[in-house]
Amino acid sequence: SAPNICSKNYIYGQYDSTVRTNTILGPGHDAAVIRIKNTNKSIAMSTDCNSRYVYLNPRVGGQIAVAESSRNVVCTGAEPLAITNCLNFGNPNDPEIYWQFKEAVVGMGESCRTFNTPVTGGNVSFYNESSLGAVYPSPVISMVGLIEDSSQITSMDFKDEGDFILIIGSLNGQIGGSEYLRTIHGKIEGPIPSINLEFEMRVQDVCLEAIKKGLIKSAHDISDGGLAVCISESLIPNNNNLGAKLDITRKLRNDELLFGECQSAIVISIEEKDLI
């Protein structure tokens, strides 16, 4: 029920998301997917930023904002192409705010070079403050990706009884800066989840290759709320009354396992015959 976790239908339900009937995957998915008429291609688009991460570690938070937006379009079967951005910060005359801005942009650049996703444009919004102080630094990233074959579009919801749930990547149980830590314990503290950009790239490449081979039936990355929220979000959209049974052997506390917001992890479902 936390505002950052719950359904956003109360917002997007007020608007038309069909884009002249070209929408294939609409609100509520990792990324929106729009078909390109008279072709077999589609475009995937995602926006992302965890401002708590950027507040606690601007450089790594900037890296993660790009990485997660890239990961989201990959989960739909799209090859990430480029980004635009909306950089929201407080008063740049404050040395700390300007340092946040500088470090976040450096982190974004490091991710963009890794994923080969040029910055096509964007904007900077400074002086976002009130009597309570500055907004959390929020370099919002919008990623666009291309799906060459629309038959390979992949959604986040589990499909059929008996499918196997796997994770591409690994669970490390990092809860610094997490929604769990803020909602349950009222704390916004680090260290935030670490990210290895080369490993992130390999995870995304594996997922995309498996989607193109027709092996993956659903894909959804672990982000806000951790594994428990990720699994729940993959169950709620379907109408098959499915549940999920997880068998995980990791030496982690329950809160770390269920609510740790580890990076570079994508939950997928496949048929048993494709396990080999």
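I use buried for under 20% relative accessible area, exposed for over 50% and partly exposed for in between, with a 1.4 Å probe and protein chains only. The model is predicted, so I note that local features need pLDDT of at least 70, side-chain atom pairs count only at pLDDT 80 or more, and totals for chains, interfaces and linings use all residues. Residues are numbered from 1 along each chain as its sequence is written, and side-chain values use heavy atoms, with hydrogens and water left out.

**Entry 1: aromatic pairs**

I searched the whole structure and recorded five aromatic pairs. Rings of Phe, Tyr and Trp (its six-membered ring) pair if their centres lie within 6.5 Å; planes under 30 degrees apart count as stacked, over 60 as edge-to-face and the rest as tilted. The F101 and F126 rings are edge-to-face, because their centres are 5.0 Å apart and their planes stand at 70 degrees. This pair links distant parts of the chain, 25 residues apart: F101 is in helix α4 (residues 95-115), and F126 is in the loop between β5 (119-125) and β6 (129-130). Helices (H or I, at least four residues) and strands (E, at least two) are DSSP runs, numbered from the N terminus. I note F101 as buried at 15% relative accessibility, while F126 is partly exposed at 24%.

I then turned to Y180 and F259, whose ring centres are 5.1 Å apart with planes at 5 degrees, so the pair is stacked. Y180 lies in helix α5 (residues 179-185) and F259 in helix α8 (residues 254-259), so the pair ties together parts that are 79 residues apart in sequence. Y180 is buried, with a relative accessible area of 15%.

I also recorded one aromatic cluster, formed by F89, Y98, F101 and F126.

**Entry 2: S269**

I located S269 in strand β11 (residues 265-270). S269 is buried, with a relative accessible area of 1%. Not counting residues up to four places away in sequence, S269 touches several residues, among them F158, D163, L215 and S218; contact means heavy atoms within 4.5 Å. The S269 side chain makes a polar contact with the side chain of S218, at 2.5 Å.

**Entry 3: N91**

I found N91 in the loop between β4 (79-88) and α4. N91 is partly exposed, at 23% relative accessible area. Leaving aside neighbours within four places in sequence, N91 is in contact with I97, Y127 and E129. From C-alpha to C-alpha, N91 and T76 are 37 Å apart in space and 15 residues apart in sequence.

Key: Polar contact = N/O pair within 3.5 Å; in protein donor to acceptor, adjacent residues only side chain to side chain.
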